[in-house]
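User: Hi! Could you walk me through how the helices pack in this one?
Analyst: Happy to, let's take a look together.

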Amino acid sequence: MLKLLFPMVAILLASCGGGDAPASATCTALPMVRIQLFGDSTQVGFDSASPGEVAPHNPAAALQAFFDARYGLGKVKVSSRAVNGSGAWQLVAGSDTLNLPWPGSVAAEIVVVNHGINDFYLVNDIAAYRKNLQTLSMAPGARVVFETPNVLRKLDISPFVRVMREVAAEKGLPLADVFAYTSALPDWPVLLHDNAHPSDSLYQMISRDVLQPTIAPIVAQMLCR
């Protein structure tokens, strides 16, 4: 009787999804993954070395090139909804001149939110910033990723960075910790063209070393790769 029992158990496990069946057998791949980037001028990719222009390796361009190389054209679509000079309070309210009240302009499977510099510099209300991040952490139908601001010259934005880390942890969101990365670079001051905006080379480094490693596993899961 024992000899017959084990094959029957194996059959039952297989029929219920147990055993060693590959995860891909039950994964439904999306035909395309859309990524939207929200934020301020550092998310736009403002190039302070050439005022009015966007750096060649701006966040959207660098991410798009990475995913095109990995999966081929058409599998991942990256677009930017970032606005120069804007803050989290404007993205929530829909007053940044581009986006509807949150999450009215979300049309993607993954959204990346990089706000904090102007919230600190123009408003400096940390309680309001926390509340706005809590609102931005929710976008039905999309996976939200928080991206901390890069380090600044002369100004200490670390209290706002700490709040973003706390809200990300509370909400269980992936965190692309650009602040930790940039502040640890020994030559970070020379990689900023002004007090706040990365040089083109720093935009490229941030994408390669922080954004891509954070977002790539989420995309792979959605594409069943």
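User: Which hand does the crossing of helix 6 and helix 7 have?
Analyst: That crossing is right-handed, the near helix being turned clockwise from the far one by less than a right angle. Before we go on, this is a predicted model, where local features need pLDDT of at least 70, side-chain atom pairs count only at pLDDT 80 or more, and totals for chains, interfaces and linings use all residues. Residues are numbered from 1 along each chain as its sequence is written, and side-chain values use heavy atoms, with hydrogens and water left out.

User: Thanks! At what angle do the axes of helix 6 and helix 7 cross?
Analyst: Roughly 35°, and the axes come within 10 Å. Axes here are lines fitted to C-alpha atoms, for helices over the stretch in contact, with angles from 0 to 180 degrees between N-to-C directions.

User: Which residues of helix 6 and helix 7 make the contact?
Analyst: Helix 6 brings Ile-126, Tyr-129, Arg-130, Leu-133 and Gln-134, while residues from helix 7 include Phe-160, Val-163, Val-167 and Lys-171. Contact means heavy atoms within 4.5 Å.

User: Switching topic, how many residues does helix 3 have?
Analyst: Helix 3 covers residues 59–71, which is 13 residues, and reaches 18 Å from its first C-alpha to its last, close to the 18 Å expected at 1.5 Å a residue. The expected span is 1.5 Å times one less than the number of residues.

User: Which residues of helix 3 are buried?
Analyst: Among them are Pro-59, Ala-62, Leu-63, Phe-66, Phe-67 and Tyr-71. Buried means under 20% relative accessible area, with a 1.4 Å probe and protein chains only.

User: What do the buried residues of helix 3 pack against?
Analyst: Strand 1 (33–39), helix 2 (41–44), strand 4 (76–80) and helix 9 (200–222).

User: Let's stay with helix 9. At what angle do helix 3 and helix 9 pack?
Analyst: At about 50°, with their axes 10 Å apart. Helix 3 passes helix 9 in a right-handed crossing.

User: And what follows helix 3?
Analyst: Gly-72, whose phi is positive, near 90°.

User: Last one: how many helices and strands are in the protein chain?
Analyst: There are 9 helices and 7 strands, taken as DSSP runs numbered from the N terminus (helices H or I, at least four residues; strands E, at least two). Of the 225 residues of the protein chain, 48% count as buried.

Key:
Buried < 20%, exposed > 50% of the residue type's maximum accessible area, 1.4 Å probe, protein only.
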